[in-house]
Amino acid sequence: MDKLDAVVLDNWFPTPNQIEVRGGWVEHATGLPAAVESLLPYNSPTASELFAVSDGGIYDVTTAGAVGSAEVSSLSNSRFQHVNFGTAGGNFLIAVNGEDVPQYYNGSSWSTLAITDSNPTDIGDTLIHVNAYKSRLFFTQADSLSFWYLAPLAIQGVASEFELDSIARRGGYLVAMATWSLDGGQGPDDYAVFLTSNGEVIVYTGTDPGSASTWSLVGVYRSARPIGRRCFMEYGGDLLILTEEGVYPLSKALITGRTSPRIAISDKIAPSFESAARETGSQFGWDCILYPRGGYGLFNVPNMGTAFADQYVFNTTTSAWCRFKNQPARCWALSDENLYFGANGVVCLADADTTDDGEQIIADVLPAFQYMAGAGQKRWTMSRPVFFSSGPFSPSYRLNVDWELTSPNSTPSSAPAQLAQWNVAPWNTSFWSASNTVFKDWITVSEIGYSASLRIRVAKNGQAISLVSIDYLYEAGGVL
């Protein structure tokens, strides 16, 4: 492994020059009747609002605290896909779940959409995914290779069908649609991207699927099978696809005509992705979101039989990966640039505190093993991890040699940080929250081996903690 890689990196976020314990979460909206399975942000030029879907009801969770009565109730399921869409008539949040008539919010109230085919037959309760492309709303239909589209700038009315059965040669059904903007914004060079359950990416360009002169097929490309319907992430001028084999940028998949580990941005953690996909790929809860304020992209991975999920997270600047744990998320959303997740009966605000709703955050790192001075045996005697922190803490350590994966014997601890308050705490004796103290104590270790790595666990409980470097002291020996 590269010396800057890690075997374990849990609840640490890698920056270009250090790793930092992730931000904590707090409960934002409480009193929801069951697990929150969808978060629906509404954005207009004058407002940002957030809605949660729980137990078949849509609840306003814009304001922190206990929720009121449901805005919409008696829905068949709580697993919605959504899009914000603006017209001359206003700004709308459109949401579909494949079983109920599509719902929409106009900035003041929720209503249902009437979407029919040309017969006219109501097809709204079969629409399961929605996307905005070239001033039109496009819908995918449950268990079908057809998509439906409305007239320009319409949010309801007669929809036209476009069948992809003859294009999708591997069969299956349409999972999702996305708009691929090569320049990162909306424009004439945008593509319409359709993804099937069997891993075919179908790309079109144009404005009107009903006109051969303005709608043309760009190509059909092979992909690994996608996981869930929330499998697209807009990332700059590219689209990332969440699949059973990792995360693939669409631009590189189109260049090669297929997906392969060499082009996956998740190549570093490919075994973890593939193992998680085998175990929980059929479970609800897989999700992905880009969080610009935090500088990372996040992929939610449900855990088998537990309320908690893992998040595989990559730094959007360096592409370095880590894993967040102990965040009980089932879905994610951005609202007013803040990151939220839905959990069991609550909506939580992520990256907003120095604890996890009052509980300390345990972070675990095992850096790449290193041979230091060569392949011979060594007797490791001391080590010095260098930390930056805004408050005292007590880490736990274990020197692992020759690719052991042993955890520290002790448990890290951290009393709640007692940070000084201005004009209250005694001057020159109190620990000030604005300072970042260097902690660089040598610790004693005693191991013999060819390669080594110091495993470190810390507990964050009100302070910021970063790990900058690790020094080792050893005596070189022979090959045997």
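Trainee: What volume does the second largest pocket have?

Mentor: About 1200 Å³. The model is predicted, so local features need pLDDT of at least 70, side-chain atom pairs count only at pLDDT 80 or more, and totals for chains, interfaces and linings use all residues. Residues are numbered from 1 along each chain as its sequence is written, and side-chain values use heavy atoms, with hydrogens and water left out.

Trainee: What makes a set of points a pocket, and what is its volume?

Mentor: The grid is 1 Å, over the protein atoms alone; a pocket is an open set with protein on both sides within 12 Å along at least five of seven lines, for a 1.4 Å probe, and lining residues have an atom within 4 Å of a point. Points join across faces, edges and corners, and the volume is the space filled by probe spheres set on them.

Trainee: Which residues of the second largest pocket's lining are closest to its centre?

Mentor: Leu4, Asp5, Ala6, Leu9 and Ile19, out of 34 lining residues. By class, that lining has 21 nonpolar, eight polar and five charged residues. Nonpolar here covers Ala, Val, Leu, Ile, Met, Phe, Trp, Tyr, Cys and Pro; charged covers Asp, Glu, Lys and Arg; the others, Gly among them, are polar.

Trainee: What volume does the largest pocket have?

Mentor: About 1500 Å³. Of its 48 lining residues, His82, Val83, Asn84, Asn131 and Glu234 are the closest to the centre. Strand S9 gives the most to this lining, with six residues. The classes are 22 nonpolar, 17 polar and nine charged.

Trainee: Why is Thr179 called buried?

Mentor: Buried means under 20% relative accessible area (exposed is over 50%, partly exposed in between; 1.4 Å probe, protein chains only). Thr179 has 10%, so Thr179 is buried. Thr179 is in strand S19, residues 174–180. Strands are DSSP runs of E, at least two residues, and helices are runs of H or I, at least four, numbered from the N terminus.

Trainee: How do you know that the side chains of Thr179 and Asn131 make a polar contact?

Mentor: A polar contact is a pair of N or O atoms within 3.5 Å; within protein, one must be able to donate a hydrogen and the other to accept it, and residues adjacent in sequence count only if both atoms are side-chain atoms. The Thr179 and Asn131 side chains are joined at 3.0 Å. The backbone oxygen of Ala132 also lies 2.9 Å from a polar side-chain atom of Thr179.

Trainee: Why is Glu49 counted as buried?

Mentor: Glu49 has 13% relative accessibility, so Glu49 counts as buried. Glu49 is found in strand S6, residues 48–54. The Glu49 side chain has a polar contact of 2.8 Å with that of Tyr105.

Trainee: What does Glu49 touch beyond four places in sequence?

Mentor: Contact means heavy atoms within 4.5 Å. The partners include Leu40, Asp60, Tyr105, Gly107 and Ser335. Glu49 and Gly107 are 58 residues apart in sequence, and 8.6 Å apart from C-alpha to C-alpha.

Trainee: What makes S28 and S29 a pair?

Mentor: Two strands pair if DSSP finds at least two bridges between them. S28 (residues 309–315) and S29 have five bridges, in the antiparallel sense.
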